[in-house]
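Please consult the sequence and the coordinates alongside the text.

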Amino acid sequence: MTFSIVARSDDGESWGVAVASKFLAVGSAVPAAVARVGAIATQAEANVAWKFLALAHLDDGATAEVAMTRLVEEDDKREHRQAGIVDSEGGSATYTGRECFDWAGGVSGPGYAIQGNILTGPEVVEAMELSWQGSAGQPLERRLLDALRAGDEAGGDKRGRQAAALLVVREDAGYGAGDDVAVDLRVDDHQAPVEELARLLDLNDLYLTASTEDEKVAMTPELEEEVARLVQQQGHPDLRSWVGSENYEMRVADDGSWIDRRVLAILRDS
């Protein structure tokens with residue numbers, strides 16, 4: 001009851017899953033990924049144990065195709081299952097059981113697997129594949145989201161819309177480099193879940209990713225004076241206090257030597 005894309009980035013550094021469905025909190029059931037290991041989406045009459053089994057097979061050195069074969073062979077309800085897997089090398093596999101509700105099917109290629117069931121038709125999967133193939137060079141999370149949006153716009157789940165999720169892993173990409181989770185966003189119940197997911201991804205980029213060199217504005221004496229005045233107007237004694245209150249720690253230098261241009265714009269507009 002879902003459409004999804006599982007993929008690895010072209011540079012081999014990131015793995016992820018994007019999924020949408022007329023199913024409450026679809027992100028709690030479908031996606032799983034481990035950096036340097038691979039990613040999986042399990043759906044239709046989802047066997048959530050497949051997430052952990054697949055990643056274990058991949059971690060032991062199995063390819064995506066071998067891992068999928070093992071999952072299917074060992075499951076008595078295989079004909080009701082659907083899944084997509086991408087391994088550490090970008091190998092991919094998709095599977096759709098014969099008892100999945102129409103329309104159901106999938107496609108796979110180098111670095112991606114796309115699949116869905118109870119869709120308006122094959123055009124959903126086709127649109128997602130075209131989006132993926134045409135977005136090379138973009139960050140993985142953006143490519144996954146764009147493919148999901150393409151599937152949604154092509155018809156998506158024929159029962160309607162309810163939930164969507166996006167999971168991307170990359171070594172040391174988590175908050176403060178404490179883990180490998182670059183993006184972990186869920187829209188559990190919403191009239192337009194894919195668009196809401198896009199809004200959340202923009203916020204994720206602002207709050208949970210570090211500024212690029214192009215985004216850094218050097219703190220000159222004049223700017224430092226302006227910033228000090230603005231944060232005091234917000235009721236804070238200094239920039240450090242304001243940054244901590246607004247959760248912009250990854251967008252301002254610890255020593256105050258630079259500030260992110262977007263954060264500066266927010267401060268000036270507040």
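Is Arg36 buried or exposed, or does it fall in between? Arg36 is partly exposed, its relative accessible area being 38%; buried means under 20% relative accessible area, exposed over 50% and partly exposed in between, with a 1.4 Å probe and protein chains only.

**Basis of the description**

This is a predicted model, in which local features need pLDDT of at least 70 and side-chain atom pairs count only at pLDDT 80 or more, while totals for chains, interfaces and linings use all residues. Residues are numbered from 1 along each chain as its sequence is written, and side-chain values use heavy atoms, with hydrogens and water left out.

**Overall architecture**

The secondary structure comprises 8 helices and 12 strands; helices (H or I, at least four residues) and strands (E, at least two) are DSSP runs numbered from the N terminus. The C-alpha trace spans about 70 × 40 × 30 Å along its principal axes. The protein has 270 residues, of which 51% count as buried. Among contacts with a separation of 6 or more, 55% join residues 24 or more positions apart; contact means heavy atoms within 4.5 Å.

**Nonpolar cores**

The largest nonpolar core contains 30 residues, and those with the most contacts inside it are Ile5, Met128, Leu144, Leu148, Leu166 and Leu197. Such a core is a set of buried Ala, Val, Leu, Ile, Met, Phe, Trp, Tyr and Cys residues joined through side-chain atoms within 4.5 Å. At least two residues of this core come from each of β1 (2-8), β2, β8 (112-116), α3 (123-133), α4 (140-153), β9 (163-170), β10 (181-187) and α5 (193-208). A second, separate core has 16 residues, including Ala54, Leu71, Ala83 and Tyr95.

Leu166 is one of the residues with the most contacts inside the largest core. Leaving aside residues up to four places away in sequence, Leu166 touches Val17, Ala18, Glu141, Leu144, Val183, Asp184, Leu185, Leu197 and Leu201.

**Helix packing**

| Helix pair | Axis separation | Crossing angle |
|---|---|---|
| α1 (49-59) and α2 (64-73) | within 9 Å | roughly 140° |
| α6 (221-233) and α8 (261-269) | 10 Å | about 50° |
| α4 and α5 | within 10 Å | roughly 165° |

The crossing angle of roughly 140° between α1 and α2 makes α1 oblique to α2. Angles under 35 degrees count as roughly parallel, over 145 as roughly antiparallel, 65 to 115 as roughly perpendicular and the rest as oblique. The crossing of α1 past α2 is right-handed; a crossing is left-handed if the near helix is turned anticlockwise from the far one by less than a right angle, and right-handed if clockwise. On the α1 side, Trp50, Leu53, Ala54, His57 and Leu58 meet Ala64, Ala67, Arg70, Leu71 and Val72 of α2. By class, this contact has 8 nonpolar, 1 polar and 1 charged residues. Here Ala, Val, Leu, Ile, Met, Phe, Trp, Tyr, Cys and Pro count as nonpolar, Asp, Glu, Lys and Arg as charged, and the others, Gly among them, as polar.

Helices α6 and α8 are likewise oblique to each other, and α6 passes α8 in a left-handed crossing. Leu223, Glu226, Val227, Leu230 and Val231 of α6 meet Leu264, Leu267 and Arg268 of α8. The contact of α6 with α8 divides into 6 nonpolar, no polar and 2 charged residues.

Helices α4 and α5 are roughly antiparallel to each other, with a left-handed crossing. From α4, Glu141, Arg142, Leu145, Leu148, Arg149 and Asp152 meet Val194, Glu195, Leu197, Ala198, Leu201, Asp202 and Asp205 in α5. This contact has 6 nonpolar, no polar and 7 charged residues.

**Loops and backbone geometry**

Arg36 is located in the loop between β3 and β4 (38-44) and has a positive phi of about 70° although it is not a glycine. Asp172, in the loop between β9 and β10, also is not a glycine and has a positive phi of about 60°. Asp172 is exposed, with a relative accessible area of 53%.

The peptide bond from Asp102 to Trp103 is cis, with omega near -15°. Trp103 belongs to the loop between β6 (92-96) and β7 (105-109).

Lys22 occupies the loop between β2 (14-21) and β3 (31-34) and is partly exposed, at 32% relative accessible area. Its C-alpha atom is separated by 14 Å from that of Leu148, which lies 126 residues away along the chain.

Terms used
Axes are lines fitted to C-alpha atoms, for helices over the stretch in contact, and angles run from 0 to 180 degrees between N-to-C directions.
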